[in-house]
Amino acid sequence: MRASLVVRGGTVVEAGWSARADVFVAGGVVVALTEPGTPAPSGTVEIDAGGALVMPGGVDPHCHVGFTSGDFTSLDDHARCTTAAVFGGTTTIVDFAIPRPGQTPADVAYAQRAKASQGLCDSALHACVVEWDATVPAQLAALVADGMPTVKMFTTYRGETMANEDTILRTMTVLRDLGGLVVIHCEADHIIGDAQERCAASGRIGAEHMAATRPELAETASVAEVLAIAESLRAPVYFVHQSTAEAVELVAAARRRGVAAFTESVAHHLVLDDGLYGGPVPERFVCCPPLRPRGVVDALARHLFTGEITTIGSDHCCYDVAQKESRRSDVRVMPNGLPGVETRLPVIFSEFVAGRGLPATRFVELTAAGPARTNGLYPRKGTLMPGADADIAIWDPSARWTVTSGDLHMATDYTPYEGMTLTGRPRTVLVGGRVVVHDGVLADPAPRGRHIAAGPITLTPSLL
């Protein structure tokens, strides 16, 4: 058997099974999973994974790299974002190409795709449609043909990225026939606008009042409307950062009716709650949708165990404290979003695998295999079966450590998880068979990132 590297002594964890096995790698891909102790060819590099979990590198389906919204641009680029990603065990990110006024979806997507080579790991890309015109179908056809079949849409942020119902319907129709997928941020803008007007009129529009300005009802109302469009078209749809159990259950009910509809949740909605808006630095937790009450958070998290949540992303937006503080008195104009590409996997592993007994196989499904499937990247990504890219996270499940922003690698000076003590973290991370991180040190800083062309999205309601 040809091999350049073998990972020995660990427990391989896939989405559907786990077992002791050795992982053989050649040419940057996995070539075999074998019984422990299988002899390797002379000269093969051996990595000791004794006592560790050997998992496919994480696939983060929701990363905003160098993202501009309103007056603010997040502070990272592909080099910084992917450096942070690999330290956290993520080896593929899915970025966004969101047009500004006057830009076309295709032009922005091709420009953003070209930046992938700056990364330490691979990336895929969501395009975005804001307004419909006669050129959009041809643009979508070109994007799908070039490996960008997922298209982000928003039902909020009027005047910036919000798409109306007709644009959503038309885009879904075209993508359905091309093998693409609408990826959608659902919050009903008219409900949010009314809530914000009432909050502003009573002097409650600062960061500490964030939760009241974007109510849960805005999310569920929008999800119901978009599900109706998808069901009428028999088109697939993927809902990003769902923050309530009610929203997740609407999608699950549609899936039982035969709609190919899927739920992403994100780490901060599964762990943090709106009590942080009552603390000394509420602006650091402003995100859309906002953090929810503890009971809502716990109800949402239960769906990690029921199987109703398809993926976990980070919704990484790398703003710093100065940006957050500059407009903290008015959430309508301050930057929304939290840094999280590096902390997604450790926080979820600690809270749910180590803390609540979520099977490690389900962790891999939610953070690697599921994101790869829903984004047309599987089985190249999200698995360690032979033929997959050798993106490997060797995980110490018992490591205890405290999160501090100074020890992280994101292009910001804070983390929403500051001071949390976590259990479990990656000790060695391989990208394409190369050791990139080992024992907390960047072992290979060379930017060898690639844009990964996604295949057609062939999702069915029985995806999971």
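Visitor: What volume does the largest pocket have?

Guide: Start with the general idea. Rolling a probe the size of a water molecule over the atoms shows where empty space is left. Keep in mind that this is a predicted model. Here, the largest pocket has a volume of about 510 Å³. Its lining has 34 residues, and the closest to the centre are Ser69, Tyr157, Glu160, Cys288 and Asn336.

Visitor: Which helix gives the most to that lining?

Guide: Helix H5 does, with three residues. H5 spans 189–201, and strand S14 (150–154) also supplies at least two lining residues.

Visitor: What about the second largest pocket, and what is its volume?

Guide: About 330 Å³. It is lined by 20 residues, with Arg100, Gly102, Gln103, Val130 and Glu131 the closest to its centre. Its lining divides into eight nonpolar, eight polar and four charged residues.

Visitor: Now the helices. At what angle do H12 and H13 pack?

Guide: Look at the angle and the axis distance together. H12 (residues 344–354) and H13 (residues 360–374) pack at about 145 degrees, and their axes are 11 Å apart. The crossing is right-handed.

Visitor: Which residues make the contact?

Guide: From H12, Arg344, Leu345, Ile348, Phe349 and Val353 take part. From H13, the residues are Ala360, Phe363 and Thr367. Six residues of this contact are nonpolar, one is polar and one is charged.

Key. Residues numbered from 1 in each chain as written. Predicted model: local features only at pLDDT ≥ 70, side-chain atom pairs only at ≥ 80, totals over all residues. Heavy atoms only, no water. 1 Å grid on protein atoms, 1.4 Å probe; cavity = no way out; pocket = protein on both sides within 12 Å on 5 of 7 lines; lining within 4 Å. Points joined across faces, edges and corners; volume = space filled by probe spheres on them. Helix = DSSP H or I, 4+ residues; strand = E, 2+ residues; numbered from the N terminus. Nonpolar A, V, L, I, M, F, W, Y, C, P; charged D, E, K, R; others polar. Axes fitted to C-alpha atoms, helices over the stretch in contact; angles between N-to-C directions. Left-handed = near helix turned anticlockwise from the far one by under 90°. Contact = heavy atoms within 4.5 Å.
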